[in-house]
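This briefing goes through one protein model, topic by topic, for a reader who has the sequence and the coordinates at hand.

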Amino acid sequence: MGTWGTGPFDSDLAGDFTDGLRGLASQQIISALEEALRRVAESGPRIDSGDEVEAVAAAALVASQIPGSKVVISCEDGPDEPLPQLPAPLRALARLALHRVLGDESELAKGWVDSSDATEWRQEVQLILQALGQRDHSQCTNHAS
């Protein structure tokens with residue numbers, strides 16, 4: 001696996017995952033994101049690092065759709081077409097998956113050779129987690145009396 005940075009799309013596995021989303025119908029994209037997140041969120045004690053890479057990429061895509069999110073996806077990292085409206089439960093699933101990725105059982109978290117890269121990667125994942133925890137004010141209603 002080639003990794004050239006600490007961002008959610010800075011590896012061959014993440015690139016393969018997002019390349020697999022290109023040309024898919026909206027529901028297929030949603031299903032692929034959900035599957036990637038669920039594999040990590042619902043895995044046993046051992047989590048495969050390849051699954052973790054895909055879950056981080058999927059979570060970043062989900063987070064990028066939240067109004068006001070600081071997670072921005074470049075054109076070459078995401079699907080060819082804009083992402084469809086993603087169901088709200090994907091946010092909770094993405095948060096759960098990222099907590100697992102940051103946990104003690106995570107192969108991905110332990111796999112960094114350089115400690116500064118590990119720190120930078122954790123900060124990237126924490127940024128995604130923070131965005132996923134933001135309240136979506138576009139769904140709020142104002143009940144003025």
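Ser11 counts as buried in this predicted model, because its relative accessibility is 6% and the cut-off for burial is under 20% relative accessible area. The residue belongs to the segment before helix 1, which covers residues 12-19.

**Surroundings of Ser11**
- Once its neighbours within four places in sequence are set aside, Ser11 is in contact with Gly2, Thr3, Trp4 and Val53.
- One of these partners, Val53, falls within the range of helix 3, which runs over residues 49-64.

**Gly44 and its loop**
- Gly44 is found in the loop that links helix 2, residues 26-41, to helix 3.
- With a relative accessible area of 39%, Gly44 is partly exposed, because that class lies between the limits of 20% and 50%.
- Gly44 and Glu105 are 61 residues apart along the chain, and their C-alpha atoms are separated by 9.7 Å.

**Overall fold**
- The protein contains six helices and zero strands, and its elements, read from the N terminus on, follow the order α-α-α-α-α-α.
- The radius of gyration is 15 Å, close to the 15 Å that the globule rule gives for 145 residues, so the protein is as compact as a globular protein of that length.
- Of the 145 residues of the protein, 43% count as buried.
- When contacts between residues at least 6 apart in sequence are considered, 69% of them join residues at least 24 apart.

**Packing of helix 3 with helix 6**
- Helix 3 (residues 49-64) packs with helix 6 (residues 115-132) at an angle of about 40°, and the axes of the two helices are 9 Å apart.
- The crossing of helix 3 and helix 6 is left-handed.
- On the side of helix 3 the contact is made by Val56, Ala59, Ala60, Val62 and Ala63, while helix 6 contributes Val125, Ile128, Ala131 and Leu132.
- Sorted by class, the residues of this contact between helix 3 and helix 6 comprise nine nonpolar, no polar and no charged ones.

Note on methods
Residues numbered from 1 in each chain as written. Predicted model: local features only at pLDDT ≥ 70, side-chain atom pairs only at ≥ 80, totals over all residues. Heavy atoms only, no water. Axes fitted to C-alpha atoms, helices over the stretch in contact; angles between N-to-C directions. Helix = DSSP H or I, 4+ residues; strand = E, 2+ residues; numbered from the N terminus. Left-handed = near helix turned anticlockwise from the far one by under 90°. Contact = heavy atoms within 4.5 Å. Nonpolar A, V, L, I, M, F, W, Y, C, P; charged D, E, K, R; others polar. Rg over C-alpha atoms; globule rule 2.2 N^0.38 Å. Buried < 20%, exposed > 50% of the residue type's maximum accessible area, 1.4 Å probe, protein only.
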